Amino acid sequence: GRRGSRGLGSTPRGQIITSHRPVSQSIAPNTLAVRPLLALRPFTMSAFVASALPSISVSSRSGFAGARLPFAQTPQKLARRASLVVSAKGEPVPKLSENENGKVWVEDNVARPRRNRKNSGMRAMVRENQVTAANLVYPLFVHTLDVNEPISSMPGCERHSRQSVLREVTIARQYGIKNVILFPKIPEELKSNSADECYNPNGMIPDLIKMIKDEFKDVNVWTDIALDPYSDQGHDGMVGSTPDGDDGAAKILNDETIEQLCRQALCHARAGADVVAPSDMMDGRVIAIRNALDAHGFTDVSIVSYTAKYASAFYGPFRDALDSAPRESSMAPRNKKTYQMDPANSREALIETDLDVAEGADMLMVKPGMPYLDIIRLLSDNCSLPIAAYHVSGEYAMMKAAVQNGWLDEKEAVLETLLCFKRAGASCILTYYAKQAAMWMKEDNDKMYFE
C-alpha cells in the first residue's frame, strides 16, 4: 500500500477494516490518531491484533495518506505486542506489552506517581512539608561557672557560662534561629523543697534573660517554669511531709507548687522573657500563671504549656545535665508518674489539651517527640493552637551514639527526624540539634541557589 498503510486497509466509506470486523465507524479523513486507537474497547489492542493479524488487507485511500498505527508498528512488532512478554528466566508475564522502542511496557499503568519525584526541582515543587530555622527552638544548659562543662551523656552539648550563652545565641541567630530556651543547673546550696531560688530577681536566669534581650532585641527568650532544677527533692513540685502518697511516698503538692510557679513566671517576665513554658504538669497551673501575668501587665508574655508531658524513660541525659532527678534519700516519690502522663494513654492527652486551651495557653507542647508522633498528630487534629514538639535528650543521645558508631548518617538522620515532627503537625521543634541543623539547612539552600 501507500505510505502509512502499515497493514490496515480502508473502504470507500472511510472505514478501517480487516477481513473480520470494522474497528471504527465513519472516521473522517485525516483524523486517525494514536490515542483513540489505543483506547478502543471492549477488546484490548493485543486481543484485536491477535485476531486481525492473519488476514489484514493492505490498502489505503488518499484521505488516509500518512495515517499510522500507534508507534508505527510493523506486523512483526504487532505480533510481539500481542504475545506475552517473557521475563529473564523465560516464564511468561501477563499484562505486559512492548512499546515502540522494544522495551517492556505496563500498558494500563496510566497513573505513575514517580513522575512527581523524577528530579529535585519537581520534588521541591510538590513538597508538602518543610522545616526551616524559623521552626527551631534552641535549648541551652547554663550554669554559674565561668567555663563550659561538657555533658558526657549528650555529646556535643555543654553547660554554658554566661558569655558562652551569648556566643551561642549570636551563632544561632546568624543561621536564622530566633528562639532559645534556658535550662539552669543550680548550685546545691541554693536548692530547697520550696525552690525559692526560682523567683530570685538576681538569680542566674533573670540575669541571662536581661543579657540576651539587651544584645538581641529580635530573639525570643523562653524559660522553663518548674521547680525541679531548684528543688533538693528533684521534683517539679513541692514534696509533702507525710508518707500518704503513691507506694508510701510523700505526695507532690499541687496548689502550693502553683503558687511558686506563678512567682517564677512573674520573675522571668519582669526580666524580659518573651515566653514562659510550664513543664511541671500541675493541674490548673496555666490559668493561674495567665492570671498572674495579666494582673501585673504582662499580657504579651506567651505561655507554651507542656500539655502532654509523659513519664518517659527518655529524659535521663537531661536530668544528668541539670542534676534534677528525684532524690532517693528523701520521702519524695521515686519517679514522676503521679503528675506526668502514662505512656500508655493517648485520649488523656485530649483532656489536657482542652484544659490548657480553656486556661489560656498560646501553644501546646508534646514531650518526648519521636516516640510520640501519634500524640503530636492527635493534638494537631483536635486543636487550633500551634503544637510544639520536644526532641528530648534521650532521643538526641541515641542518635549521637549511632552516629559515633558509624550506623547513621548524622545530617540525613537529623533532618529527616525534624521533618517527621513537622509532618506530624508540629509548628515548632525544640531540639539540641537546632544550631547544627540550621547550619545544614543553610548549606543545602546555598547549594540549591548556586546550582
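Predicted model: local features only at pLDDT ≥ 70, side-chain atom pairs only at ≥ 80, totals over all residues.
**Entry 1: Glu395**

I started with the side chain of Glu395 and found that it reaches the backbone nitrogen of Gly369 at 2.9 Å.

Next I checked where Glu395 belongs, and it is found in helix α12, which covers residues 393-404. Is Glu395 buried or exposed? I got 4% relative accessibility, so Glu395 counts as buried, the cut-off being under 20%.

Then I asked myself which residues Glu395 touches, leaving out those up to four places away in sequence. My list has Phe314, Pro368, Gly369, Met370, Pro371, Tyr390 and Phe421. Gly369, the partner from my opening note, is in that list too.

I also looked up Pro317, which lies 78 residues from Glu395 along the chain. Their C-alpha atoms are separated by 9.6 Å.

**Entry 2**

I moved on to another part of the model. Two packed helices are described by the angle between their axes and the distance between the axes, so I looked up both values here.

Helix α6 runs over residues 204-215 and helix α7 over residues 254-271. I read an angle of about 25° for their packing, and their axes are 8 Å apart. That makes α6 roughly parallel to α7, because angles under 35 degrees count that way. I noted the crossing of the pair as right-handed.

Which residues make the contact? From α6 I wrote down Ile205, Pro206, Ile209 and Lys210, and from α7 Cys267, His268 and Ala271. Sorting the residues of this contact of α6 with α7, I got five nonpolar, one polar and one charged.

How values were computed: Residues numbered from 1 in each chain as written. Heavy atoms only, no water. Axes fitted to C-alpha atoms, helices over the stretch in contact; angles between N-to-C directions. Helix = DSSP H or I, 4+ residues; strand = E, 2+ residues; numbered from the N terminus. Parallel < 35°, antiparallel > 145°, perpendicular 65-115°, else oblique. Left-handed = near helix turned anticlockwise from the far one by under 90°. Contact = heavy atoms within 4.5 Å. Nonpolar A, V, L, I, M, F, W, Y, C, P; charged D, E, K, R; others polar. Buried < 20%, exposed > 50% of the residue type's maximum accessible area, 1.4 Å probe, protein only. Polar contact = N/O pair within 3.5 Å; in protein donor to acceptor, adjacent residues only side chain to side chain.
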